Amino acid sequence: MQWRRWAVLALSLLLARYLLWRLGSTLNFSSPSATAISLLLLGCELMLLLSGFLPLWFSLARQQPLKPQPLHRFPAVDLLLPSCGEPLEVVRRSLQGCAAIHYPALTVWLLDDSDRLELRQLAAELGCRYRARCSHAHAKAGNLNAALPQLQGELVAVMDADVVPQRSFLQRTVSLLEQDSGAALVQTPQSYMNADPVLRNLQLERWLLPDEESFYRWVEPVRQGVEAVVCAGTSFVVRRRALMAVGGFETGTPSEDLATGIRLAAAGWRLHFLAEKLSAGLAPHSAGAMARQRCRWASGTLQILRTGANPFTIAGLTPLQRLAFGEGILHWLNVLPQLVLLLMPLLALLAGSTPIRLESGGLLSVALPFYGAQMLLARWISGQARGAVLPELYRWIFLVPLVGAVLSTIARRPKAFRVTPKAPGQQRQVELGLVAPLATLLVVQLLALIGLLRWPPAAGPMALTLFWLSSSCLLLGLSLRCCWDRPGASGVPWFAVRSQQSWGQITALSEDGLEARLTGHEIPTQHWGLPVELACQKGSRIGLHWGPLNSEQQQWLQQRLYGHAGCWPLRHAPFELQALAPVLLRLIKPAAPETWFNRSLLPLALQGLASSPLTQASRPSPMNESANTRMNMASPG
């Protein structure tokens with residue numbers, strides 16, 4: 001869009017003006033110690049600014065993306081669902097969703113790396129192919145590669161074992177590959193059904209969007225413009241011919257998805273991003289699990305630099321592609337300057353000098369407009385996917401573990417691959433591995449604040465340092481609060497809805513039951529033609545469990561929740577000042593355990609869902625809905 005070009009130009013001019021001011025007027029060379037910390041601060045700042053502005057400059061090359069069109073040809077698709085120890089019901093939900101996809105030439109494969117009898121039986125029950133390999137080398141990439149020689153389809157789709165696709169997934173994604181014969185891969189957004197630990201533990205589901213929203217609504221569309229779309233490892237479709245030509249999925253790193261995408265791009269294939277939420281999976285249930293997931297991402301991504309998929313050395317990429325893929329890998333190093341900046345106030349006190357020489361005129365006329373413009377434009381430029389401050393919680397909470405993961409990877413001692421748990425704990429858990437470093441950093445900030453008040457510098461540095469320390473203490477306090485996992489999490493996602501019924505209004509919904517507010521005294525005994533039973537009542541509020549459901553009814557319910565088009569809404573990040581009061585409240589009030597009428601809820605769009613109960617006769621059978629799909633599946637093997 002033209003407005004984005006003008007915004008990027010304005011920010012770039014402010015950046016140039018800011019850098020001239022920083023280099024010419026603010027460096028402190030009064031002593032060796034002052035020079036050292038002044039140059040250290042400048043180096044950290046330049047590294048973070050470059051990482052932040054590169055995507056902005058990439059956006060100037062933004063292209064008009066392809067849009068799905070009706071299919072006239074249906075190339076055969078093998079859909080691979082790799083599993084490694086996930087709970088049976090999680091795999092069942094995902095496999096049923098894959099089997100229900102509306103596509104006439106589909107074979108679904110369950111690739112079981114735990115070799116469980118119950119999964120073999122599940123695949124046979126749902127009419128899917130089953131495969132368990134003898135060797136378990138190379139984790140997910142090895143599991144996928146072991147199945148490739150047995151595939152016959154022209155295309156290969158991949159879903160993680162906790163991800164449920166919508167029924168239109170293949171018709172939407174395959175359409176792009178049919179339109180562009182030079183394209184090898186179509187990636188779609190990775191959405192989550194449940195709130196991640198940052199949202200859930202702080203009860204910020206209304207005030208903060210998940211971290212992946214800004215990646216899929218800002219970073220991926222920008223990467224499309226420079227032909228450097230990131231393969232995310234799930235919810236994508238790839239040409240089997242192109243995949244085999246680059247040697248299958250990359251096994252030299254746990255981040256096989258990004259590395260494989262780089263190899264495809266280097267081989268001359270185009271990668272497309274389809275900005276439609278066509279599937280959703282499960283976010284980690286605990287802060288510790290999320291920390292391990294982020295560390296695995298960081299370590300795996302950096303390990304790409306030691307493989308043949310290194311974007312700086314692999315042949316075939318354009319300069320812009322090298323820069324974009326390289327920035328996507330090296331941005332994990334940003335945790336190092338971020339940690340240094342947190343320690344900078346204390347370093348300055350210990351050195352007895354300030355790292356930056358400030359005058360009130362330059363601070364107000366140069367620094368304030370530069371950083372103020374970035375904060376004001378953050379929501380606008382990202383497509384309202386994120387604000388300017390609160391999303392930084394995702395960086396601060398996991399900062400020290402990420403530093404450890406980055407340094408161990410640099411030292412060639414990466415941690416072993418571990419699958420993210422898909423089942424929640426029922427007791428309140430405290431992740432001491434996160435609490436200890438965050439508490440230490442908070443103490444450092446408080447010591448620096450005491451020192452600042454005891455030995456105040458000039459007015460300019462005083463105001464800037466006071467603002468920095470205050471905001472750091474606030475974010476560190478919130479990060480510490482997030483380390484206490486909220487107990488009572490359900491393994492089944494619950495959703496916030498607003499569905500008016502003759503007897504009241506449904507306010508929350510899941511495949512376990514529903515919550516509602518009555519308008520009279522009538523308590524319903526069925527909804528959507530399915531039986532419901534009263535489980536809890538508080539005044540006019542009622543909690544209902546679904547009654548006994550057979551397998552066909554259970555599949556029908558899951559498709560009505562997860563499989564219909566548009567069920568995962570596109571939300572806008574709230575204006576951050578609106579969230580100030582709830583955020584401050586979270587500092588002093590711990591989150592209560594989840595129970596009836598006090599759940600962690602993400603919104604579910606009800607378009608396409610009947611708002612009144614359906615009778616058994618009028619309710620379509622999931623077996624009939626996916627009959628064409630099942631007829632085209634090979635028998636279990």
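In what order do the seven strands of the open sheet stand? The order is β14-β15-β16-β13-β12-β11-β17, and the pairing is mixed. The model is predicted, so that local features need pLDDT of at least 70 and side-chain atom pairs count only at pLDDT 80 or more, whereas totals for chains, interfaces and linings use all residues. Residues are numbered from 1 along each chain as its sequence is written, and side-chain values use heavy atoms, with hydrogens and water left out.

Strands (E, at least two residues) and helices (H or I, at least four residues) are DSSP runs, numbered from the N terminus. Two strands pair if DSSP finds at least two bridges between them. Strands of a sheet pair through backbone hydrogen bonds, either parallel or antiparallel. Strands β11 (residues 495-500) and β12 (residues 504-509) run antiparallel and are joined by four bridges. Ser499 stands opposite Ile506 in β12. Helix α19 (residues 551-563) lies across β11, β12, β15 (530-538) and β16 (541-546), and runs at about 65° to β15. Such angles run from 0 to 180 degrees between N-to-C directions, the axes being lines fitted to C-alpha atoms, for helices over the stretch in contact (heavy atoms within 4.5 Å).

Ser279 belongs to strand β10 (residues 279-281) and counts as buried because its relative accessibility is 1%. Buried means under 20% relative accessible area, exposed over 50%, and partly exposed in between (1.4 Å probe, protein chains only). Beyond residues up to four places away in sequence, Ser279 touches several residues, among them Met159, Pro189, Ser235 and Trp568. Its side chain makes a polar contact of 2.7 Å with the side chain of Ser235. A polar contact is a pair of N or O atoms within 3.5 Å; within protein, one must be able to donate a hydrogen and the other to accept it, and residues adjacent in sequence count only if both atoms are side-chain atoms.

Ser83, in strand β1 (residues 77-83), is likewise buried, at 2% relative accessibility. The side chains of Ser83 and Glu86 are joined by a polar contact of 2.7 Å.

Backbone torsions were also considered. Most residues other than glycine have a negative phi. Phi of His138, in the loop between β3 (129-131) and α5 (139-147), is near 65°. Gln203, in the loop between α7 (197-202) and α8 (211-225), has a positive phi near 50° and counts as partly exposed at 23% relative accessibility.
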